[in-house]
Amino acid sequence: MNEQNFSPATELLYKGRVVKGMDFNKPEAFPLFAVTAFTMNSLSEVREAYKSKYTYVRTGNPDRDALSEVVSFLEGGEKSLIFSSGMGAITTTMMTLLQPGDHVVCNRNIYGETFDVMTKLLPKFGIQSDLVDFDDLSNVKKAVKPNTKMIYAEVLANPSMNVADIPALAKIAHDNGALLMIDNTFTTAIAVKPIALGADIVINSMTKFMNGHSDAICGSITSTAEIIDAIHPVRMLTGTPGDPFAAWMMLRGIGTIDLRLKKQMANAAILAKALENNPYVLKVNHPSLESFPQHDLALKIFKSNDTMTGMLSFVVPEDMDKIDEFMLKLNFAHYATTLGGLRSTLNHPVTSSHSHMPDEDRRKMGVTPGMFRLSVGIEDAEDLIADFTQALEVFKK
Ligand SMILES: Cc1ncc(COP(=O)(O)O)c(C=O)c1O
């Protein structure tokens with residue numbers, strides 16, 4: 001491409017689209033390499049292939065490599081790796097970078113399975129973690145120990161939407177010789193680029209907004225070449241690389257991420273405001289709202305109200321029969337244990353991601369039986385508002 005200043009939305013469409021090392025190098029869509037191995041005709045070819053080309057699918061695959069180029073471009077990092085899932089990306093990275101005796105400080109508002117990694121899996125390998133409330137940075141400073149090697153947070157915590165102060169967390173991590181790892185799943189690089197704000201490692205569950213079509217599972221890690229080159233051999237040993245077909249599906253979905261996310265983020269801000277004004281909604285958590293306690297921090301991190309996230313949560317009265325009635329009356333947002341798709345989806349944290357926690361602990365995090373998490377799709381915002389408004393009428397006494 002000529003050295004000109006193109007818009008990122010345009011450049012995105014041309015990243016990772018050239019088939020390297022093949023005779024046919026300009027197909028309009030990237031081909032699916034549904035092969036487990038590439039053939040070679042002589043030992044000198046084999047030796048050459050082991051140095052720089054594709055040999056076996058667990059080691060390397062063109063679809064994964066093309067996708068990693070797109071992810072590095074989006075996240076603004078040196079290199080990326082594609083994994084079988086978001087959890088594969090998280091666990092493989094931790095297995096690479098942490099040793100027995102190391103310590104991790106993690107936000108206590110965190111995705112349920114990441115919580116389990118910190119509290120159940122890492123201790124098996126002699127790695128301890130402290131989960132503290134990152135809203136108050138003095139908690140983070142106090143939790144850091146001489147053996148702290150990593151600080152971990154999601155840009156927006158699930159489901160309360162607390163914002164991670166990435167520059168401040170990066171400073172605490174770096175002052176103590178630790179790495180800052182940030183989960184960008186709820187936000188994506190269209191909303192925020194954590195590496196530009198000081199993070200060392202960014203993880204995405206690409207299963208969600210990155211793919212956007214709710215039809216494939218994948219994860220990514222973006223970081224420096226040094227860190228990625230260290231994770232690569234561990235990914236081979238743990239067998240967590242992304243399947244070529246899933247990577248190909250992601251490559252297909254990610255081409256429209258700029259269009260999708262801009263609409264989803266703007267829709268979420270519009271819907272958050274409408275829900276806040278609805279008499280039957282007790283509370284709405286979306287960083288664009290002036291009532292949101294970290295609204296000013298959110299504006300610093302995300303720049304504008306409609307470029308924050310397509311996610312929000314809201315609270316209705318704790319009447320479980322009426323809650324069922326409300327869900328049945330909704331035409332569009334149906335319950336699904338995922339997020340980031342084209343269509344709006346609802347989730348009820350108390351019966352899913354937070355079901356294993358004592359009620360008292362959940363309430364401290366603001367997670368009550370009346371809370372719904374909503375992933376806002378690309379439907380027309382007016383249709384979504386009308387649909388929620390009619391369904392919420394069930395709470396009328
Ligand atoms: C914030 C966050 N991080 C990580 C994950 C794990 O991703 P995956 O399901 O692709 O393993 C999820 C899954 O919902 C998530 O919401």
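**Entry 1: helices on the sheet**

Helices (H or I, at least four residues) and strands (E, at least two) are DSSP runs, numbered from the N terminus. Axes are lines fitted to C-alpha atoms, for helices over the stretch in contact, and angles run from 0 to 180 degrees between N-to-C directions. Two residues are in contact if their C-beta atoms, placed from the backbone, lie within 7 Å.

I note that the model is predicted: local features need pLDDT of at least 70, side-chain atom pairs count only at pLDDT 80 or more, and totals for chains, interfaces and linings use all residues. Residues are numbered from 1 along each chain as its sequence is written.

I then turned to helix α7 (residues 166-175), which lies across β4 and β5 and runs at about 150° to β5.

**Entry 2: the seven-stranded sheet**

In which order do the seven strands of the open sheet stand? I read the order β1-β7-β6-β5-β4-β2-β3, with mixed pairing. Two strands pair if DSSP finds at least two bridges between them. At the edges I found β1 and β3 (128-132), each of which pairs on one side only. Neighbouring strands of this sheet are turned by 20° against each other on average, direction ignored.

Strand β5 (residues 179-183) and strand β6 (residues 201-205) pair in the parallel sense over three bridges. M181 stands opposite I201 in β6.

**Entry 3: strand β12**

Are the faces of β12 covered or open? I found both covered: M371, R373 and S375 on one side and F372 and L374 on the other are all buried. A residue is buried if 20 or more other C-beta atoms lie within 10 Å of its own, exposed if 12 or fewer, and partly exposed in between; C-beta atoms are placed from the backbone. In strand β12 (residues 371-375), five of five residues are buried.

I next listed partners of β12. Strand β9 (residues 311-315) pairs with β12 in the antiparallel sense over five bridges. Strand β11 (residues 345-347) also runs antiparallel to β12, and three bridges join the two. L374 of β12 is the bridge partner of L312, and L346 stands opposite L374 as well.

**Entry 4: helices α3 and α9**

Two packed helices are described by the angle between their axes and the distance between the axes. For helix α3 (residues 62-75) and helix α9 (residues 244-254) I noted an angle of about 35° and axes 8 Å apart. The crossing of α3 and α9 is left-handed; that is, the near helix is turned anticlockwise from the far one by less than a right angle, clockwise being right-handed.

Which residues of α3 and α9 meet? I listed D63, R64, A66, L67 and V70 in α3, and P244, A247, W248, M250, L251 and I254 in α9. The residues of this contact divide into nine nonpolar, no polar and two charged. Ala, Val, Leu, Ile, Met, Phe, Trp, Tyr, Cys and Pro count as nonpolar, Asp, Glu, Lys and Arg as charged, and the others, Gly among them, as polar.

I found α9 mostly covered, with nine of its 11 residues buried. The buried residues of α9 pack against α3, β1 (79-83) and α10 (257-276).

**Entry 5: loops**

I located G101 in the loop between α4 and β2 (103-107). G101 counts as exposed because it has 11 C-beta neighbours inside 10 Å. Leaving aside neighbours within four places in sequence, I found G101 in contact with G126 and N147.

In the loop between β4 and α7 I found P159. The peptide bond from N158 to P159 is cis, with omega near 0°.

S214, in the loop between β6 and β7, has a positive phi of about 55° although it is not a glycine. With 18 other C-beta atoms within 10 Å, S214 is partly exposed.

K303 lies in the loop between α11 (295-302) and β9. K303 also has a positive phi, of about 80°, and is not a glycine. Because K303 has 12 C-beta neighbours inside 10 Å, it counts as exposed.

**Entry 6: the chain as a whole**

I counted 14 helices and 12 strands in the chain. Of the 397 residues, 45% count as buried.
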